Amino acid sequence: AGAALIVTYHGALALDMYYLISRVLIAKQRAMYSVVDRFLFKFGLGAFLDLACCIAGTRAMATEILKKGHLLCVAPGGVREALFSGPNYEIMWNRRSGFAQVAIDADAPVLPMFTKNIREAVRTFTPIGKGKNIGVLE
């Protein structure tokens, strides 16, 4: 019933997250917050994203959500990982480690999550080589 930070791999479609959010809401009657890319708020989706407990996610905002006892999900690889990670599920976090500091600051446990075959839900183009614009369909 307490706070937790769920850290997940970002599949091409976050179908696993949609399921988890729905399951937690139905089974536990608990909302789960999700950190989403800021660009989603630029398409007039703000009201829907607020309703779905999605945040653009500053560290301070994420820490506050956890300190209030909520669940928070983050996929550090984001859209880049969703689109360009290969068939071996390479993690593309770069230097993104703010989520770890958020968990420390909020004194919240980190729950790692990985959904087997989530990349197979949707086929994406992957780059042939560094700096190339042409890709191959996985």
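Which residues have the most contacts inside the largest nonpolar core? The legends below begin with that core. The structure is a predicted model, in which local features need pLDDT of at least 70 and side-chain atom pairs count only at pLDDT 80 or more, while totals for chains, interfaces and linings use all residues. Residues are numbered from 1 along each chain as its sequence is written, and side-chain values use heavy atoms, with hydrogens and water left out.

**View 1. The largest nonpolar core has 13 residues.** Leu5, Val7, Leu66, Leu72, Val74 and Phe99 are those with the most contacts inside this core. A nonpolar core is a set of buried Ala, Val, Leu, Ile, Met, Phe, Trp, Tyr and Cys residues joined through side-chain atoms within 4.5 Å. Buried means under 20% relative accessible area, exposed over 50%, and partly exposed in between (1.4 Å probe, protein chains only). Two or more residues each are given to the core by β1 (4–8), α3 (59–67), β4 (71–74) and α5 (98–106). The largest share, 4 residues, comes from α5. Helices (H or I, at least four residues) and strands (E, at least two) are DSSP runs, numbered from the N terminus.

**View 2. Leu72 and its contacts.** Contact means heavy atoms within 4.5 Å. Neighbours within four places in sequence are left aside; Leu72 is then in contact with Ala4, Leu5, Ile6, Met32, Tyr33, Ser34, Val35, Ile55, Ala62, Ile65 and Leu66.

**View 3. The whole structure holds 2 aromatic pairs.** Rings of Phe, Tyr and Trp (its six-membered ring) pair if their centres lie within 6.5 Å; planes under 30 degrees apart count as stacked, over 60 as edge-to-face and the rest as tilted. Tyr9 and Phe114 are edge-to-face, at 5.9 Å centre to centre with 65° between the planes. Tyr9 lies in the loop between β1 and α1 (15–28) and Phe114 in the loop between β5 (110–113) and β6 (125–127), so this pair ties together parts that are 105 residues apart in sequence. Tyr9 is buried, at 7% relative accessibility. Phe39 and Phe43 also form an edge-to-face pair, at 5.9 Å centre to centre and 90° between the planes. Phe39 is partly exposed at 34% relative accessibility, whereas Phe43 is exposed at 57%.

**View 4. The buried residues of α5.** Gly98, Phe99, Val102, Ala103 and Ala106 are buried in this helix. Seen down the axis of α5, they fall within an arc of 145°, so they line one face of the helix; the arc is that of the directions from the helix axis to the C-beta atoms. These buried residues pack against β1, α3, β4 and β5. Just after α5, Asp107 takes a positive phi of about 55°.
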